[in-house]
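These are my notebook entries on a chain that I looked up residue by residue.

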Amino acid sequence: MADNGYHEPVMFGETMDALRIHRGGAYVDGTLGGGGHAAGILARLAGTGRLIGIDKDAEALASAGERLAGASNLTLIHGDFHGARALLAERGVSELDGALLDLGVSSHQLDTPARGFSYREDAPLDMRMDASQGETAADLIARMGERELARVFYEYGEENWGARIAREIVARRERSAILTTFDLVACVDAAVPKPVRMRDTGHPARRVFQALRIAVNDELAPLERALESIAGMLKPGGRLCVITFHSLEDRIVKRTFARLRKPCVCPPSFPVCVCGREPSLTGYGAKPVSPSDEELERNPRSRSARLRAAEKI
Ligand SMILES: C[S@@+](CC[C@H](N)C(=O)[O-])C[C@H]1O[C@@H](n2cnc3c(N)ncnc32)[C@H](O)[C@@H]1O
């Protein structure tokens with residue numbers, strides 16, 4: 001199971017500890033990527049139990065499949081973890097001892113210019129994790145109106161200059177289509193005043209790229225239901241671990257876990273609960289875990305990662 005250099009798994013030890021893998025158990029890795037975390041799960045299963053690895057990206061599945069070849073207890077699925085329950089049911093799995101979601105894009109996706117995720121390389125504006133279907137970022141930019149683009153930039157990128165960037169995109173696309181990553185970077189450069197760009201500690205286009213990627217891959221809207229559905233498949237004591245990379249997804253994970261820990265909707269003034277909603281998660285993992293200083297130094301891309309874990313009652 002040699003490292004294929006595809007992606008450095010973030011908070012590897014912390015994630016393995018939180019998953020509390022035991023031999024004979026059934027686990028799902030809903031974001032297989034390069035298979036780094038999956039290799040750790042398989043090592044702890046030591047040939048027993050089962051691991052189901054899911055990824056939207058066929059390249060990721062092929063790479064992880066190569067790395068993990070020989071593990072007879074591994075099943076690979078090309079699909080979306082938002083539909084994990086149905087995908088697992090088709091393979092006869094209805095209960096899990098643990099599940100991992102390491103959200104977002106892999107280093108391999110970011111570092112492959114042709115995928116269009118990076119503002120640092122000129123390439124077709126694609127950004128689809130599943131390159132076999134759906135609209136590309138260029139399609140989306142060509143189709144959306146100015147207000148919708150501005151909303152996407154604001155909601156998914158927390159970009160304060162979103163309205164101006166959207167206006168610039170709409171004006172430019174009337175002259176010529178916006179088809180490449182550098183076409184989009186040029187729109188950001190034209191819309192955001194130079195002093196503001198100079199003050200920015202990161203690349204000025206990063207928030208717009210994040211926002212488009214989230215929109216192209218529909219990363220946020222179905223997340224809450226997916227978490228609830230996967231948590232619902234856990235056996236008592238089973239754990240769900242989620243690694244997030246930005247505050248928008250972290251907030252959804254935090255709120256969903258909090259609601260499943262304390263679902264009661266009775267007003268605080270009620271002496272006893274009358275709504276009857278029972279918690280499904282224990283209090284375990286209420287605080288998020290961040291990468292250690294050593295990891296931050298070794299892998300600066302782990303900077304914004306947060307690990308949140310939950311345990312089924
Ligand atoms: C951060 S990487 C995972 C890295 C992996 N943990 C490892 O150790 O190599 C995220 C992966 O999840 C995949 N992904 C993101 N959202 C997904 C979804 N909704 N369904 C399935 N795969 C998804 C991406 O294609 C990418 O390969």
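**Entry 1: a helix and its buried side**

I looked up α7 and found that its buried residues are Leu-149, Ala-150, Val-152, Phe-153, Tyr-156 and Gly-157. I call a residue buried if 20 or more other C-beta atoms, placed from the backbone, lie within 10 Å of its own. These residues cover an arc of only 165 degrees around the axis, which puts them on the same side of α7; the arc is taken from the directions from the helix axis to the C-beta atoms.

I note that this is a predicted model, in which local features need pLDDT of at least 70 and side-chain atom pairs count only at pLDDT 80 or more, while totals for chains, interfaces and linings use all residues. Residues are numbered from 1 along each chain as its sequence is written.

Helices (H or I, at least four residues) and strands (E, at least two) are DSSP runs, numbered from the N terminus. The buried residues of α7 pack against α8 (162-175), α11 (206-216) and α13 (247-261), where contact means C-beta atoms, placed from the backbone, within 7 Å. After α7 comes Glu-158, which has a positive phi, near 50 degrees.

In α9 (residues 181-191) I found Thr-181, Leu-184, Cys-187, Val-188 and Ala-191 buried. Seen down the axis of α9, they fall within an arc of 120 degrees, so they line one face of the helix. I recalled that an α-helix has 3.6 residues a turn, so residues three or four places apart point the same way. Among what covers the buried residues of α9 are α8 and α11.

**Entry 2: the cores**

I then asked which residues have the most contacts inside the largest nonpolar core. They are Leu-42 and Leu-240, in a core of 53 residues; such a core is a set of buried Ala, Val, Leu, Ile, Met, Phe, Trp, Tyr and Cys residues joined through C-beta atoms within 7 Å. A second, separate core has 30 residues, including Leu-125, Leu-149, Val-152 and Trp-161.

**Entry 3: a strand and its partners**

In strand β1 (residues 26-29), Ala-26 and Val-28 point one way, Tyr-27 and Asp-29 point the other way, and all are buried. Strands pair if DSSP finds at least two bridges between them, and β1 is joined by four bridges to β2 (residues 50-55), running parallel. Three bridges join β1 to β4 (residues 96-102), also running parallel, and here Tyr-27 stands opposite Gly-98.

Technical notes:
Buried ≥ 20, exposed ≤ 12 C-beta atoms within 10 Å, placed from the backbone. Contact = placed C-beta atoms within 7 Å.
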